[in-house]
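Trainee: I would like a close look at one part of this model, and then at what else the side chains do. Please take it step by step.

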Amino acid sequence: MNAGTQLRPESLSWMLDVGNVTGALSQASLLQPAWDHLLQNHHEVLRSPLFPVLLCVSTYFFLIGLYTALDLLAPTWPCINRHRLHPDKPITWPNIWTTLVLTIYNHMLYIFPTTVAQWLWRSPTPLPREAPTLCGFLLGIFGCTVVFDFQYYIWHLLHHKVPWLYRTFHAVHHQYNQPFSLVTQYLSGWELFSVGFWATIDPILLQCHCLTTWGFMVFNVYVSTEDHCGYDFPWSMHRLVPFGLWGGAPKHDTHHQKPGTNFAPFFSHWDWLAGTNVVPSPPGHVAEEPDKGRVKTRLVNYFVS
């Protein structure tokens, strides 16, 4: 082609078509086939106001059932027991029944009426035809987790620092200083409401796709249960997330033994900034409380800089 020859519009049409196809592929979600299948086969179930609640409840009871089975097998199965944070202190049937009774009581007294109210008064969930992009899905879950982590950190800190709040609402959760999975929802009604409210409202605040919302709810239940499970598996979140950014079961176990430490539910940065971050001690050792002089210095340096 000569340098002076001009390209006519029709000669560029194939390039535009290729560009359109490439752009469409880049925008198309890897989740679209799965989302199309869900819409085609489970449309009425997904749009029901009951679905998010049933999803969370069923996920929770599945996880505690799995962890409770491990707790019962651990004393006679060394391959399981060696991953427990307290292998010399087995979970007993009285522990299981006590925590299970309060869990069922809370679900019947608080969650069931709330579910019925949603079913009666909340309109069906709008289901968009397009799925979120995989990047949008993962970032949405990450964003909701970061916001939830901050919200619960503030709530948790206040309910430890204000004696009346601790005695009235949070002390029940600390009846067990070596948590296991059923302790996850061994809570007062106020704490259960607070956690459920944030898990519901955060995806709305971040304008998440409904599929992202459900993904966050399942992830939130999973990591909350893992925090209390009492196990340190190779695939635990605190081992998968680098640089000690995720607290996980060992740090939350330390919090139950030393309640003035490790207030954040998931990440470690808020505890690090506040000086309340404590690295879990090896079995048989007691974690030290953070030095309060260093706490004040770190906070002052952080906000001044």
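Which side chain does R47 meet in a salt bridge?

Mentor: This is a predicted model, and what follows should be read with that in mind. The side chain of R47 meets that of E44 in a salt bridge, with an N to O distance of 3.5 Å. Both residues sit in helix α2, which spans residues 32-47. They are 3 residues apart there, so about one helical turn separates them. The two partners fall into separate classes of accessibility. R47 has a relative accessible area of 28% and is therefore partly exposed. E44, at 55%, is exposed, because exposed means over 50%.

A search of the whole structure finds 2 salt bridges. Apart from the one in helix α2, D232 forms a salt bridge with R239, and there the closest N and O atoms are 2.8 Å apart.

Next come the aromatic side chains. The structure holds 23 aromatic pairs. One of them joins Y153 and F263: the ring centres are 6.5 Å apart and the planes stand at 75°, so the pair is edge-to-face. Y153 counts as buried at 4% relative accessibility, and F263 counts as buried at 1%.

Y176 and Y186 make another edge-to-face pair, with ring centres 5.4 Å apart and planes at 80°. Both lie in the loop between α7 (163-170) and α8 (189-205), 10 residues apart. Y176 has 13% relative accessibility and counts as buried; Y186 is buried as well, with a relative accessible area of 6%. Aromatic residues also gather in a cluster made of F142, F148, W198, F219, W246, F266 and F267.

Helix α6 also takes part in a feature of the surface. F150, I154, L158, V162 and W164 make a nonpolar surface patch of about 440 Å². Helix α6 (residues 134-161) gives the largest share of this patch, 3 residues. F150 lies in helix α6 and, at 37% relative accessibility, counts as partly exposed.

Terms used: Residues numbered from 1 in each chain as written. Predicted model: local features only at pLDDT ≥ 70, side-chain atom pairs only at ≥ 80, totals over all residues. Heavy atoms only, no water. Patch = residues over 30% accessible without salt bridge, like charges linked within 9 Å, V, L, I, M, F, W, Y side chains within 5 Å. Areas by Shrake-Rupley, 256 points an atom, 1.4 Å probe, with all protein chains shown as cover. Salt bridge = Lys/Arg side-chain N within 4 Å of Asp/Glu carboxyl O. Helix = DSSP H or I, 4+ residues; strand = E, 2+ residues; numbered from the N terminus. Buried < 20%, exposed > 50% of the residue type's maximum accessible area, 1.4 Å probe, protein only. Phe/Tyr/Trp six-rings, centres within 6.5 Å; stacked < 30°, edge-to-face > 60°.
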